[in-house]
Amino acid sequence: MSDAIFNQAPMSILGTGLCIKNNETANSLGFKDCALDASLLPAMVRRRTSEATRIAVSAATRACSNAATDHELPAVFVSLSGEIQVTDKLCQAIAKNEYPLSPTQFHNSVHNTASSYWSMATNNQFPMMAMSALEDGFALGLLESWCQLQTGAEKILLVVYEEEAPTHLLPDYNWEPCAISLVLGHTESQLATISRPLQSTQESGYASENSIASNSLATAGFPLLRTLLKNNSGTYCIEVSHSVLPWLAEVVIP
Amino acid sequence: MNSAYNTDVTPIPITACSVSCASGIGTQQLYDSLISGQTCLQTPRLISTGFTAYTGEIADELLPTLDLELQTYSTRNTQIALATLNHPQDALRSAIHNAVARYGADRIGVVIGTSTSGIYETENCYFDIEKNQQIPDYFNFSTQHVWSATANFLKLELELTGPCYAISTACSSSSKTLASAQRLIATGVCDAVLTGGVDSLCRLTLNGFKSLDIMSEKPCTPLDENRCGISIGEGAGLLLLEKPHKEHTACVHLLGCGESSDAYHMTAPHPEGRGAISAMQSALRQAGIEAEQIDYVNLHATGTVLNDQSEMRAIQSVFGSNINCSGTKGLIGHTLGAAGGIESIISWLCLKHHFIPGTCGLNKADESFSGHIIKNSKTGIPVKTVMNNNFGFGGNNTSLILGWHHE
């Protein structure tokens with residue numbers, strides 16, 4: 001991996017936001033200020049939206065606040081399973097022949113549900129991306145964000161989120177509902193810069209011991225958050241995915 | 001303007017493409033169908049609905065079986081993708097192999113749009129759970145259900161090693177893959193990207209749109225004064241985008257992409273089409289052309305009263321009354337997450353064959369619409385630049401411009 005590529009136009013990290021639904025989990029991981037708070041959504045919407053949308057909005061709100069930016073910026077939302085709990089309910093209704101389906105559940109089952117409610121709640125007409133990938137989701141969200149910044153976006157919001165998997169469908173999956181969000185841009189940041197992510201050609205020990213079933217793709221952002229929290233000046237090469245050939249990014253803390 | 005960015009991107013050549021939909025497999029089949037203007041919509045065969053509907057289905061016998069080592073990816077969605085990839089005349093697979101030879105497998109990305117992924121198989125799994133109280137052996141969440149399953153299948157099938165992900169923004173999903181691929185190439189991350197979308201029929205979408213009360217009880221008739229909803233189709237539209245090269249100057253190019261959000265409602269479009277206007281203007285700005293230079297607009301035109309009205313107001317605002325436009329969903333149905341890919345290929349066919357497709361099923365256009373709505377396909381007319389609109393749930397809008405590239 002050449003330094004020349006890492007050095008290509010790094011992104012400024014202007015703000016970070018985290019949401020871990022369960023307090024105990026947050027405490028055991030050592031993260032603070034990450035409770036669920038989707039108060040940005042109108043009450044009517046909040047009551048009817050999923051855990052996925054609420055944790056995504058919580059992290060995104062926090063990242064914008066942390067970056068001291070308004071909400072009107074393009075956004076990249078990434079999740080592996082998206083609105084899996086609503087999809088589960090709809091599939092159960094189908095299997096039981098319980099028609100008609102709920103129209104609200106139907107339109108809230110699309111993958112861009114979280115990004116849509118975010119754009120409506122913030123009256124934000126910028127483009128909203130909704131991506132999905134396996135173990136590489138966080139890294140590929142960073143890559144899409146980097147591409148948008150390189151082709152004209154001034155700032156961008158990245159939100160990676162995963163709600164709890166329905167146990168009767170996915171008994172082996174143990175995802176802690178959580179979301180991580182970054183505001184990225186060009187302007188100088190007191191916090192850090194992060195390079196365009198690159199996929200390593202060498203296998204990671206971490207990935208072989210940690211399956212996607214036990215680690216949602218949002219947790220791939222934890223090493224980055226921990227590095228930022230320590231706030232020690234320096235240059236760090238960190239893993240930003242859970243894949244066997246991990247994606248790496250260079251983080252510089254001034 | 002909110003979406004006035006992404007202005008410094010050069011035109012990207014489309015070096016190969018292929019399509020599957022209710023008209024059959026391959027671009028020639030789709031072209032013949034567009035010229036004939038005979039709807040391919042029929043009463044549902046794959047799924048028995050408890051209500052009257054029309055669907056655009058691909059005949060089961062046209063769908064190939066996946067290779068043994070990739071069986072775990074087998075879904076209707078990946079079968080449709082494989083049929084499209086393997087179409088001999090369109091030669092998409094050999095174009096990708098050539099790109100691998102030229103650039104290396106690690107330089108080629110896969111970005112695929114879908115709104116269904118393997119949900120048809122997930123539904124089957126739920127029927128089994130209901131019956132036997134246990135998850136059937138054949139169900140595989142990460143290779144069948146998840147949004148990225150078809151993208152990952154294509155990556156493995158083609159032995160590519162570049163970035164691979166799915167985009168799922170409902171009915172704009174596969175248009176957005178072209179925008180994302182354009183950025184991957186423009187920034188030098190990739191030298192080529194396999195883009196487009198794949199969607200397959202399932203009970204969830206058929207019954208979901210029924211619950212919203214927008215399923216047409218006859219083959220859908222977009223833009224018609226008596227239109228009464230949508231007909232769902234399935235299919236794939238796959239396109240290979242490569243970095244600009246002198247060998248590709250004769251290819252149709254992706255000239256501009258515009259993306260925006262309505263920030264208005266989860267299912268209803270903004271009444272004045274504010275997000276649609278912004279997406280179209282953004283695409284024009286990126287392509288560096290004026291509205292007058294667009295020869296034809298392939299409308300999103302789903303066939304619901306509100307969608308068509310909102311889009312035509314947006315068209316009036318951007319183009320005035322003289323623009324040639326039509327909608328093609330009366331022919332093959334609304335293929336949802338594949339619509340942007342398939343309609344980009346329809347735009348590509350217009351440029352290749354110098355024709356404008358008609359609006360299948362149109363009897364009399366809604367009087368409130370301005371714009372020159374093409375009823376029957378017109379051949380032998382020069383088409384240099386085409387716009388393709390796709391708008392999805394949540395007010396997720398895309399507008400793409402395809403055309404010939406002139407240095």
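The dialogue below walks through contacts between and within the chains of a predicted model.

Guide: Residues are numbered from 1 along each chain as its sequence is written, and chains are lettered from A and ligands numbered from 1 in the order in which they are written. Because this is a predicted model, local features need pLDDT of at least 70 and side-chain atom pairs count only at pLDDT 80 or more, while totals for chains, interfaces and linings use all residues.

Visitor: How many residues of chain A are in contact with chain B?

Guide: Two residues are in contact if their C-beta atoms, placed from the backbone, lie within 7 Å; here, 48 residues of chain A are in contact with 58 residues of chain B.

Visitor: Which helix of chain A gives the most to the side that touches chain B?

Guide: Helices (H or I, at least four residues) and strands (E, at least two) are DSSP runs, numbered from the N terminus, and helix 8 of chain A gives the most to that side, with six residues.

Visitor: Which strand of chain B pairs with strand 3 of chain A?

Guide: Two strands pair if DSSP finds at least two bridges between them; strand 3 of chain A pairs with strand 5 (residues 164-167) of chain B in the antiparallel sense over two bridges, and A:Ser132 has B:Ala166 as its bridge partner.

Visitor: At what angle do the axes of helix 1 and helix 12 of chain B cross?

Guide: Axes are lines fitted to C-alpha atoms, for helices over the stretch in contact, and angles run from 0 to 180 degrees between N-to-C directions. The axes of helix 1 (residues 27-36) and helix 12 (residues 339-353) of chain B cross at roughly 80° and come within 11 Å.
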